[in-house]
Amino acid sequence: MQPFAFVRADDEESARAALRQGARALAGGTSLVDLLRLQVEQAPALVDLGKLPFRSIEQAGGVLRIGALATLSDIAGNPLIQHAAPSLAQAVLASASPQLRNAATIGGNLLQRTRCAYFRDTGFERCNKRKPGSGCAALDGDDRGHAVLGVSDHCIAAHASDAAVALTAFDATVRLRGTAGERSVAIADLLRLPGDTPWLEHTLAPDELIVAVELPLGDVLRRSAYRKLRDRASYAFALVSAAVGLVIEDGLVREARVALGGVGTVPWRAHAVEDALVGRPATQSSVSQAAQRAADGAVAGTQNGFKVELARRTVRRVLLQLAEDTAWK
Amino acid sequence: MLIDGKRTLSCLTLLATLEDKHVLTIEGVATGDQLHPLQQAFIDHDALQCGYCTPGQILSGIACIEEGRATDAASVRDWMSGNLCRCGAYPNIVAAILETAGKQ
Ligand SMILES: Cc1cc2nc3c(=O)[nH]c(=O)nc-3n(C[C@H](O)[C@H](O)[C@H](O)COP(=O)(O)OP(=O)(O)OC[C@H]3O[C@@H](n4cnc5c(N)ncnc54)[C@H](O)[C@@H]3O)c2cc1C
Ligand code: SF4
């Protein structure tokens with residue numbers, strides 16, 4: 001690890017002052033410290049956000065507000081979230097391990113970097129994310145874990161977050177505060193597609209902090225579930241995951257939400273499935289038909305083609321599970 | 001290690017972030033010469049071979065019991081999944097934790 005300066009922010013303004021001078025924000029450190037140790041990331045200075053008052057989880061009107069420094073354990077164990085946003089509680093509980101969840105924050109989780117092995121190992125020459133313009137070793141290498149949606153000729157790395165999938169399905173917004181003021185952006189506007197600049201991953205200004213994530217409450221979120229498929233039952237990243245919400249009324253689908261993880265370069269909202277469901281009967285055949293649209297537009301490489309069918313089946317499985325739960329009808 | 005009672009990875013924690021926090025490592029688990037019950041259970045159940053992962057297993061196991069997750073073997077396996085043992089002592093680790101939790 002390269003030497004770096006360490007600054008503890010006592011308040012938001014001192015954090016921003018450090019950021020303006022080129023420091024990197026440190027929350028739980030489970031992504032950043034890891035990558036500093038691997039020398040994939042470099043930082044002249046770190047500013048520790050740990051003392052900032054961004055950890056509360058509360059309901060305000062129809063919105064669930066989760067402070068950016070709330071840990072994944074805080075979120076998984078929160079009774080309000082378990083009840084009002086089961087897919088989010090399940091997604092964070094399926095993330096990492098208990099000891100990582102105790103440190104990992106939701107703000108850092110959204111900005112965590114990809115698990116692409118070529119990115120994480122500086123021994124590989126080619127990685128556009130790590131070394132702009134150097135090429136992409138995954139394109140003609142091991143792409144089994146890589147994305148099939150939102151990919152470009154410059155990068156096919158999958159976004160690794162579970163929580164972001166649930167947040168994307170249910171229209172969460174991220175509250176940002178910088179010197180220029182405060183603003184809210186959708187997850188889709190926070191996280192960038194790789195395009196031809198895969199090293200640019202988000203739209204945060206250098207001195208902006210995530211202060212909270214806000215999730216609109218409602219029936220479809222309350223009737224939601226998250227399912228994660230992976231190579232082992234626990235402590236592994238998703239091959240495919242799905243956050244799904246379904247509200248059925250008088251046999252017809254009133255509301256549907258579907259987003260996928262493990263398959264996109266960003267958390268992937270499957271609008272085509274939602275459109276195919278809403279207003280139609282919630283029968284096994286109509287649900288199965290709609291789920292066929294889960295990976296519309298997918299572009300597979302050499303080893304990750306299985307994710308296309310796995311995505312459809314995962315969505316189908318969770319939709320049927322939700323439809324069958326009579327308690328929710 | 002346990003930070004304010006919560007299990008956390010020492011390899012990803014910067015010491016400078018721990019001012020005013022209570023840190024428990026394997027060195028602080030025994031009371032004098034008196035081993036912690038889970039340490040003794042690891043010996044009794046032969047829950048280690050090379051010993052490399054053992055400090056982490058024991059601290060994580062203490063927290064797992066404390067969190068109320070050591071209810072049965074499946075739950076222990078799930079809530080201990082963040083601690084890898086390359087010697088494969090898992091069955092004995094699970095047994096040691098369950099015994100200490102008083103479930104066996
Ligand atoms: C072994 C392992 C397994 C994992 N498994 C999973 C998994 O299965 N599912 C999953 O979703 N994740 C998984 N993770 C990733 C983990 O959840 C993330 O690393 C974690 O959520 C990041 O949060 P943090 O607080 O530690 O972020 P940090 O490492 O502190 O920060 C990450 C990035 O976000 C920036 N940042 C942090 N907070 C803010 C803020 N408030 N404002 C602005 N910028 C900020 C930092 O500057 C940095 O760039 C795993 C990680 C490891 C090491
Ligand atoms: S997929 Fe992206 S992160 Fe992985 S090697 Fe290619 S450019 Fe780098």
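Trainee: What makes A:Arg24 a polar contact of ligand 1 in this predicted model?
Mentor: A polar side-chain atom of A:Arg24 lies 3.0 Å from an oxygen atom of ligand 1, and because the cut-off for a pair of N or O atoms is 3.5 Å, the pair at 3.0 Å qualifies.

Trainee: Why is the pair B:Glu19 and A:Arg8 called a salt bridge?
Mentor: The side chains of B:Glu19 and A:Arg8 meet with a distance of 3.4 Å from N to O, and since a salt bridge needs a side-chain nitrogen of Lys or Arg within 4 Å of a carboxyl oxygen of Asp or Glu, the pair meets the rule. The count between chain B and chain A is 1 salt bridge, and the interface also holds 8 residue pairs in polar contact.

Trainee: Which elements and kinds of residue make up the side of chain B that touches chain A?
Mentor: Strand 2 (6-7) and helix 3 (73-79) of chain B each supply at least two of its residues, and that side divides into 7 nonpolar, 6 polar and 4 charged residues. In total, 17 residues of chain B are in contact with 24 residues of chain A, and the two chains bury about 1700 Å² between them, 60% of it on carbon and sulfur atoms.

Trainee: Why is A:Gly251 called partly exposed?
Mentor: Its relative accessible area is 41%, and because buried means under 20% and exposed over 50%, A:Gly251 falls in between. This residue lies in the loop between strand 10 (240-249) and strand 11 (252-261) of chain A.

Trainee: What does A:Gly251 touch, leaving aside residues up to four places away in sequence?
Mentor: A:Gly251 touches A:Arg280, A:Pro281 and A:Ala282; the C-alpha atoms of A:Gly251 and A:Ala282 are separated by 5.9 Å, although the two are 31 residues apart along the chain.

Notes. Residues are numbered from 1 along each chain as its sequence is written. Chains are lettered from A and ligands numbered from 1 in the order in which they are written. This is a predicted model: local features need pLDDT of at least 70, side-chain atom pairs count only at pLDDT 80 or more; totals for chains, interfaces and linings use all residues. Side-chain values use heavy atoms; hydrogens and water are left out. Contact means heavy atoms within 4.5 Å. Buried area is the accessible area (1.4 Å probe) that two parts lose on being put together, summed over both. A polar contact is a pair of N or O atoms within 3.5 Å; within protein, one must be able to donate a hydrogen and the other to accept it, and residues adjacent in sequence count only if both atoms are side-chain atoms. Helices (H or I, at least four residues) and strands (E, at least two) are DSSP runs, numbered from the N terminus. Ala, Val, Leu, Ile, Met, Phe, Trp, Tyr, Cys and Pro count as nonpolar, Asp, Glu, Lys and Arg as charged, and the others, Gly among them, as polar. Buried means under 20% relative accessible area, exposed over 50%, partly exposed in between (1.4 Å probe, protein chains only).
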